[in-house]
Amino acid sequence: MSIYDLTLEELIEYFINNNDKKFYATELFSWLYNKDKRITSFDDATNIKKEVRDRLKKDFVISNISIVTVEKAKDVRKYLFKLNDKEHIEAVLMYHDYGNSLCISSQVGCNMGCKFCESGRRKKVRNLTTGEMVEQILKVESDADIRISHVVIMGIGEPFDNYDNICNFIKIINHPKGLNIGARHITVSTCGLVPKILEFADFPYQVNLAISLHAPTDELRKEIMPIAKVYSLKDLINAIKIYLEKTNRRVTFEYIMIDNVNDSEENALELVHLLKGINSYVNLIPYNETDALQYKRSKPLTIAKFYDILKKNNVTVTIRREFGGMISAACGQLRSKKEEL
Ligand code: SAH
């Protein structure tokens, strides 16, 4: 087990169960997460006595992932990691004027099967552990010599299909003695697993929720996202309404713009209708084309028209700024290249 799998509460429990002083937990957290410490061996945690360090060595490993390649462009770095079982995952670092954000992966492969998605071409092999997600941040911070201020769980995988680990991950990175990343700077993106959205409404952290909508009608959504066959838009919107009521937080709807698939003026009007009265904001994302899939990006003019229709109808909308177009873009392409899928 990785030491990064444990929340502070779990670490306290570990020390108590071993009849050790519980303040070792906060000490150790600081050795692991404090930017100036970040130990790579338990022996470096010098104020923890040897006997306890030896037990830690027996019970935990520190690192489980390593960087394989880094592709660099002006405002973006794309990391390919290798896991202990030789699987690969990716994370993308984006430099913004407001800080540095990291898009992390939550699973090896993904079972959601969205037709347009490169990552979904490979079925889920396994969930990432909490520690493997935490380590994506640690490794990037150390490689790029920066501090990550924002985290989005939008890399490979469906976070709500790895729910418990995601929640622990959020607890660790948000904790003041952990990575101290503000809850409002953390975003979970889901293709819409309704029961988990409802469960997440009771998760007591003020994190952001993004929903991959991508289509305004069930008919169209079913064509591109198999999950729409399990949960209708009615179910999804109802769950979101409950989430909004409980959390008082605005949700984001992601809508990738795919040429001739979901980008007509009629689609825009259907979207306006669907989102009426919902405290939300729509992020239009120009589709990232990938070699293996036939989908094309909407034309700039079409995107502009779509945007205008939403705007005119009082939907809060932005067009996502693009990163990484030149470097295998986002969305599982680096891993595919590596494994030649
Ligand atoms: N499974 C989660 C998170 C990972 S996908 C989810 O569905 O939200 C992150 C986002 O990237 C999703 O909105 C997904 O639909 C989108 N995406 C997938 N392939 C893409 C592509 N080729 N271009 C642009 N966005 C893409």
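Reader: Why is Asn314 called exposed?

Author: Asn314 has a relative accessible area of 71%. Exposed means over 50%, buried means under 20% and partly exposed lies in between, with a 1.4 Å probe and protein chains only. The value of 71% is over 50%, so Asn314 is exposed. This is a predicted model, in which local features need pLDDT of at least 70, side-chain atom pairs count only at pLDDT 80 or more, and totals for chains, interfaces and linings use all residues.

Reader: Where is the place of Asn314, and what is its phi near?

Author: Asn314 is in the loop between α10 and β12 (317-319). Helices (H or I, at least four residues) and strands (E, at least two) are DSSP runs, numbered from the N terminus. The phi of Asn314 is near 65°, which is positive although the residue is not glycine.

Reader: How do you know whether Asp145 is buried or exposed?

Author: The relative accessible area of Asp145 is 62%. That is over the limit for exposed, so Asp145 is exposed. Asp145 lies in the loop between α4 and β7. Its phi is also positive in a residue other than glycine, near 55°.

Reader: Why is α4 called mostly covered?

Author: Twelve of the 15 residues of α4 are buried. Among them are Thr130, Met133, Ile137, Val140 and Ala144. As background, an α-helix has 3.6 residues a turn, so residues three or four places apart point the same way.

Reader: Why is Asp161 called partly exposed?

Author: Its relative accessible area is 26%, which falls between the limits for buried and exposed, so Asp161 is partly exposed. Asp161 is in the loop between β7 (150-153) and α5 (163-174).

Reader: How do you know whether Ile240 is buried or exposed?

Author: Ile240 has a relative accessible area of 0%, so it counts as buried. Ile240 is in helix α8 (residues 233-247).

Reader: How do you know that Asn283 and Thr318 are in polar contact?

Author: A polar contact is a pair of N or O atoms within 3.5 Å; within protein, one must be able to donate a hydrogen and the other to accept it, and residues adjacent in sequence count only if both atoms are side-chain atoms. The side chains of Asn283 and Thr318 are joined at 3.4 Å, so the distance falls within the limit. Asn283 is in strand β11 (residues 280-286). At 10% relative accessibility, Asn283 is buried.

Reader: How many aromatic pairs does the rule give?

Author: The count is 14. One of the pairs is Tyr255 and Phe306, with 5.1 Å between the centres and 35° between the planes.

Reader: Why is the pair of Tyr255 and Phe306 called tilted?

Author: Rings of Phe, Tyr and Trp (its six-membered ring) pair if their centres lie within 6.5 Å; planes under 30 degrees apart count as stacked, over 60 as edge-to-face and the rest as tilted. An angle of 35° is neither stacked nor edge-to-face, so the pair is tilted. Tyr255 is in strand β10 (residues 251-257) and Phe306 in helix α10 (residues 300-312), 51 residues apart, so the pair links distant parts of the chain. Tyr255 is buried at 0% relative accessibility, and Phe306 is buried at 1%.

Reader: How do you know that the charged end of Lys37 sits over the ring of Trp31?

Author: A charge sits over a ring if NZ of Lys or CZ of Arg is within 6 Å of the ring centre and within 35 degrees of the ring normal. The charged end of Lys37 is 4.8 Å from the centre of the Trp31 ring, so the distance is within the limit. Lys196 sits over the ring of Tyr163 at 4.9 Å.

Conventions
Residues numbered from 1 in each chain as written. Heavy atoms only, no water.
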